[in-house]
Amino acid sequence: MGLSAIPSRRLTLWLLFLLLVISAFLHHRFTGYTRLLQAPVEFALTPATHGLRPLVEKARLRVDASPVDANEAAQLWDQVQLQKNLLLRQRVRLAELQAENSQLRFLRSQLERELGKARANRIVVLSVVAAGYQPASHTLKVNMGSRRGVTVGLPVMDGPRLVGKVERVSAMNAWVRLITAPGVKVDAIITDAMTPIDQLLRGQFVGCQLDAAGPDRFVSTIAKNKPVRVGQYLRLIDRNWPDAAQGLLLGRIEKVEDDPDAPLLRRRIVVETFKSLRYLDRVDLPVPITDGQGRGER
Amino acid sequence: MNWVVFAIFTYIIMALQQGLAPMLDLQVGREVITPQLVLVLAVFVGLFTPRHAMLGAWFIIGLLVDLTHGGFALQASDPARGGQLTLIGPYTLGYLAGGLVIGQLRSMVYRRHPVSMGFLVVVCGLAVELVVVFIMTVRQTYDPLMSWSAWNQLAVRGLCLLYSGAIGTILAVGLIRLAPLFHFTDAKRQTPRVY
């Protein structure tokens with residue numbers, strides 16, 4: 001009974017199976033060929049998934065909104081006048097915040113000058129077309145790739161908030177690993193909304209290492225004598241991340257408690273992101289300006 | 001089976017999986033539980049298709065999942081290639097294993113009952129996930145992934161499967177009505193292949 005006795009179809013199937021086994025165990029250095037197959041599949045799927053993505057955002061908003069009891073409608077109506085007054089107060093507060101905002105912009109530009117790292121980037125807005133759907137995939141797929149200057153390692157933002165880092169790029173799409181993906185560790189500093197620039201430059205801030213601990217959550221432990229309170233912001237200061245990501249907001253401290261492992265020595269802080277990163281509809285990307293490109297705006 | 005209809009349905013389900021699955025997410029502790037709509041389609045096809053066509057369909061679906069699921073996070077990030085690992089094999093082999101399981105089990109269940117489909121989604125999905133977790137755990141020895149824990153993955157994937165089973169039971173009501181579009185040939189009437 002020789003090889004010729006084996007039907008060619010069965011032989012092909014066994015060879016295919018063998019190839020799959022080899023492919024499954026290949027070291028990541030030798031898996032570049034997968035992009036050849038992946039690119040057309042993504043190209044075909046992107047138009048359909050892109051169209052569906054806004055539905056996710058809308059549905060999410062609907063779920064997040066608290067339901068209104070019909071019986072309470074009359075009482076709510078009575079509260080409208082009160083709300084009007086509050087709105088007037090909010091308007092005043094808004095004017096204050098605008099003033100504060102302009103001050104922050106000034107401080108930011110001052111910080112950039114001090115560090116001597118002016119950012120030669122243009123911000124492009126990307127649409128999120130899909131999210132990774134297996135438990136080990138904490139990624140977002142965006143609708144621009146290497147043809148538009150997107151490269152591996154670029155930080156991805158949502159306004160002043162850090163979303164993640166570009167981890168893979170094809171011609172038309174890029175995959176972003178979320179900052180909250182399991183195993184991610186980043187260095188950050190704890191600041192108030194109005195931390196003076198000179199304090200930051202003199203190193204007068206509390207630093208910590210954040211561990212991703214859930215879909216939109218980080219945890220960290222710090223020494224008990226460090227001044228930390230709920231509501232403070234965390235900003236990325238991590239040399240493993242590009243310059244464009246430094247100083248971006250990671251989240252807000254939601255809980256400060258004694259560290260269960262060393263309650264007398266350390267405190268544990270729980271930080272939550274400002275938005276649920278997995279459900280973002282659009283993200284921003286600072287694409288470095290190369291020679292021949294002008295500085296663009298959003 | 002009408003392969004054109006299968007291709008159209010696969011495209012729609014893949015698009016729904018990628019685009020709409022986050023809408024159905026459940027957060028359990030630190031993990032996000034996402035239903036596997038693609039697995040539901042695979043089980044639906046597996047229930048009514050002859051063995052060879054069924055394995056072909058599961059192979060195609062597994063390959064597509066390998067290419068689109070979003071990749072695994074590598075521990076050692078390569079600046080040139082990034083830290084994401086896309087492999088052809090884990091899900092393809094997993095789905096082939098799932099196809100073999102459904103091939104054995106489908107004669108024991110009442111195929112046109114939605115609960116049968118939900119049950120098979122869980123059981124076949126378990127075969128798929130066991131293969132995937134086994135492969136990725138073996139790979140840990142020479143190409144480690146970021147924060148990979150086999151037990152944690154099995155637990156999360158198990159919850160995903162239970163959720164997928166529930167969704168599959170609901171979807172089965174509609175899918176079974178659409179079965180005539182696929183022109184399924186009854187698997188029982190197929191004559192055995194003689195080599």
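A polar contact here is a pair of N or O atoms within 3.5 Å; within protein, one must be able to donate a hydrogen and the other to accept it, and residues adjacent in sequence count only if both atoms are side-chain atoms. By that rule, 10 residue pairs (both at pLDDT 80 or more) are in polar contact across the interface of chain B and chain A. This is a predicted model, where local features need pLDDT of at least 70 and side-chain atom pairs count only at pLDDT 80 or more, while totals for chains, interfaces and linings use all residues. Residues are numbered from 1 along each chain as its sequence is written, chains are lettered from A and ligands numbered from 1 in the order in which they are written, and side-chain values use heavy atoms, with hydrogens and water left out.

**Where chain B meets chain A**

- Chain B puts 62 residues into the contact and chain A puts in 56, with contact meaning heavy atoms within 4.5 Å.
- The size of an interface is often given as the accessible area lost when the parts come together.
- Here the two chains bury about 5,200 Å² between them, and 61% of that is on carbon and sulfur atoms; buried area is the accessible area (1.4 Å probe) that two parts lose on being put together, summed over both.
- The rule turns up one salt bridge across the interface, taking a side-chain nitrogen of Lys or Arg within 4 Å of a carboxyl oxygen of Asp or Glu.
- The partners are A:Arg278 and B:Asp25, at 2.6 Å from N to O.
- On the chain B side, the elements that give two or more residues include helix 1 (3–20), helix 3 (51–68) and helix 6 (150–182); helices (H or I, at least four residues) and strands (E, at least two) are DSSP runs, numbered from the N terminus.
- Helix 1 of chain B supplies the largest share of that side, at eight residues.
- Sorted by type, the chain B side has 33 nonpolar, 20 polar and nine charged residues. Ala, Val, Leu, Ile, Met, Phe, Trp, Tyr, Cys and Pro count as nonpolar, Asp, Glu, Lys and Arg as charged, and the others, Gly among them, as polar.

**Chain B overall**

- Chain B has six helices and four strands, running α-β-β-α-α-β-β-α-α-α from the N terminus on.
- Of its 195 residues, 56% are buried, where buried means under 20% relative accessible area, exposed over 50%, and partly exposed in between (1.4 Å probe, protein chains only).
- Take the contacts in chain B between residues at least 6 apart in sequence: 76% of them join residues at least 24 apart.

**Two buried loop residues**

- B:Thr86 sits in the loop between strand 4 and helix 4 of chain B, and is buried with a relative accessible area of 4%.
- Beyond its neighbours within four places in sequence, B:Thr86 contacts A:Thr31, A:Thr34, A:Gln38, A:Arg168, B:Asp66 and B:Gly71.
- A:Val150 is in the loop between strand 2 (139–142) and strand 3 (155–158) of chain A, and is buried at 3% relative accessible area.
- Residues that A:Val150 touches, not counting those up to four places away, include A:Met144, A:Val169 and A:Leu285.

**Strand pairing in chain A**

- Strand 7 (residues 206–212) and strand 8 (residues 217–223) of chain A pair in the antiparallel sense over two bridges; strands pair if DSSP finds at least two bridges between them.
- Those strands form a hairpin with four residues between them, and A:Gly214 in the turn has a positive phi of about 135°.
- Strand 8 of chain A also pairs with strand 11 (residues 266–272) of chain A, antiparallel over seven bridges.
- A:Phe218 in strand 8 stands opposite A:Ala212 and opposite A:Val271 in strand 11.
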